[in-house]
Amino acid sequence: MIMFLIKTALDNIVFNKKRNIFSILLIAIASASIILLQGYVEYSKQGMALGFIAKSGNLQIGKKGSWDILRNGIDTLNAHDITQLRNFCAQLPQTEQIDAVLEFNGIIGTQNSSSVFWGIAYDNPQTAGITAGTPLFADDQGVVLGETLFNALSIDLNAEHSVNLMTSNITGDIAVGSFDVTGYLATGNVQTDSSLVIASRKILLELFKLDDAATCIRLFLKNDADLKKAEYSLQNFFDDHNLDFETRNWKQLNPLWAQINGLNTIQFSVVSAILCVLIFVSLTQSLSANFMERIGEFGTMEAIGLKKTTVIWLLVIEVCVLSICGILLGIVIAQFGNLAAEILHVKWTPPGYNQPYVLHFYITAHSIGITQFFIFITCLTAIIYPIYTVKKQSCINLMHYTNT
């Protein structure tokens with residue numbers, strides 16, 4: 001019986017192929033629209049998250065209270081602290097990379113101009129990246145500047161150029177040094193690029209005549225999903241050994257992410273609600289009208305011996321087949337749209353940035369499942385009125401039914 005219903009439903013779809021092709025295309029376009037919208041929002045969210053994690057690490061470890069006050073020496077990690085934290089973090093299964101960070105600030109200048117800056121010194125400064133010039137390594141007596149700061153100081157990479165730094169570190173000591181400018185980095189953020197200085201922690205420690213010191217330890221994880229496990233392990237380690245340390249995750253260190261993500265979520269919710277209403281109305285009206293035009297056909301089926309329940313099941317199977325075909329085609333269209341955006345190198349500029357990034361729709365199985373379930377339920381809703389009509393009217397009335 002089931003095979004008979006499926007075969008009959010497929011025959012009906014093929015018989016009314018022009019009308020059903022239009023229905024499948026309508027479902028596919030609606031399906032692709034929701035997938036791409038969800039993919040864009042998820043791309044924005046994940047892209048910002050990756051950018052913030054690359055800058056701050058998944059976790060930072062510092063002296064307790066160091067994020068609540070101005071860093072002025074009491075929150076300095078000494079050599080013993082750094083070694084102790086490195087050894088423990090290295091044995092965590094979630095750990096991918098560990099490095100110590102030394103923050104400094106002051107005035108940077110040339111013979112012609114000067115500017116205030118904030119700086120970050122890394123154990124491996126080459127990992128910070130570079131837009132133009134030569135990468136900076138741990139033994140280099142040089143600095144990489146933010147692009148805006150680089151241009152403000154009128155530095156030419158084609159000629160040897162050095163800058164003078166009058167800087168203070170986390171201990172409050174002041175030091176003066178001369179550094180070669182090896183290149184510049186464009187982060188895309190105007191505020192960051194206008195004052196950023198990147199240096200080697202080894203060279204900065206020599207400048208300040210310190211054996212070893214750091215503002216914090218950055219911990220990069222293999223997977224951000226393991227963030228809670230890593231935080232829990234670190235907190236247990238601090239409690240068990242009575243250590244005066246605390247952690248901050250990348251979300252706490254970058255509150256801007258939550259603000260922008262919250263704004264995007266609100267915008268997405270509003271646009272999604274409007275889009276879903278439009279899709280719901282258009283699909284239900286189109287599919288319902290499609291089946292209502294065939295009411296006479298269903299009356300004929302009942303007249304030749306099919307039960308009402310059989311006719312109703314035929315309607316359900318037909319709309320399921322149409323919706324599944326439309327959904328699958330919609331997924332293909334969405335993937336093609338994503339591929340086209342990458343091939344055409346479509347770019348967009350995030351809020352607060354001046355550097356565009358290649359657009360990519362972050363399409364996940366979870367987002368596809370949720371959005372396509374909505375499409376499927378909408379298609380089933382569209383046949384409620386045709387089913388009601390078939391059930392209520394006799395076969396004679398159905399054969400002569402006029403939809404007024």
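**Burial and salt bridges**

Analyst: Let's start with Asp212: this residue is partly exposed, with a relative accessible area of 23%. Keep in mind that the model is predicted.

User: Why is Asp212 called partly exposed?

Analyst: Buried means under 20% and exposed means over 50%. Asp212 has 23%, so partly exposed is the label.

User: And what makes Asp123 count as buried?

Analyst: Its relative accessibility is 18%, and the cut-off for buried is under 20%, so Asp123 gets that label. Arg201 is buried too, with a relative accessible area of 6%.

User: How do you know that Asp123 and Arg201 form a salt bridge?

Analyst: The N to O distance between their side chains is 2.5 Å. The limit is within 4 Å, so the pair qualifies. Asp123 sits in the loop between strand E4 and strand E5, and Arg201 in helix H6, so the pair ties together parts that are 78 residues apart in sequence.

User: What makes Arg201 and Asp212 a salt bridge?

Analyst: Their closest N and O atoms are 2.7 Å apart, and the cut-off is within 4 Å, so this pair counts as well. Asp212 lies in the loop between H6 and strand E10, 11 residues from Arg201.

User: Which residues do salt bridges with shared partners join into one network?

Analyst: Arg86, Asp123, Arg201 and Asp212.

User: Why is the contact between Arg248 and Glu246 called a salt bridge?

Analyst: The closest N and O atoms are 3.1 Å apart, so they fall within 4 Å. Both residues, Arg248 and Glu246, are buried.

Note on methods: Residues numbered from 1 in each chain as written. Predicted model: local features only at pLDDT ≥ 70, side-chain atom pairs only at ≥ 80, totals over all residues. Heavy atoms only, no water. Helix = DSSP H or I, 4+ residues; strand = E, 2+ residues; numbered from the N terminus. Buried < 20%, exposed > 50% of the residue type's maximum accessible area, 1.4 Å probe, protein only.
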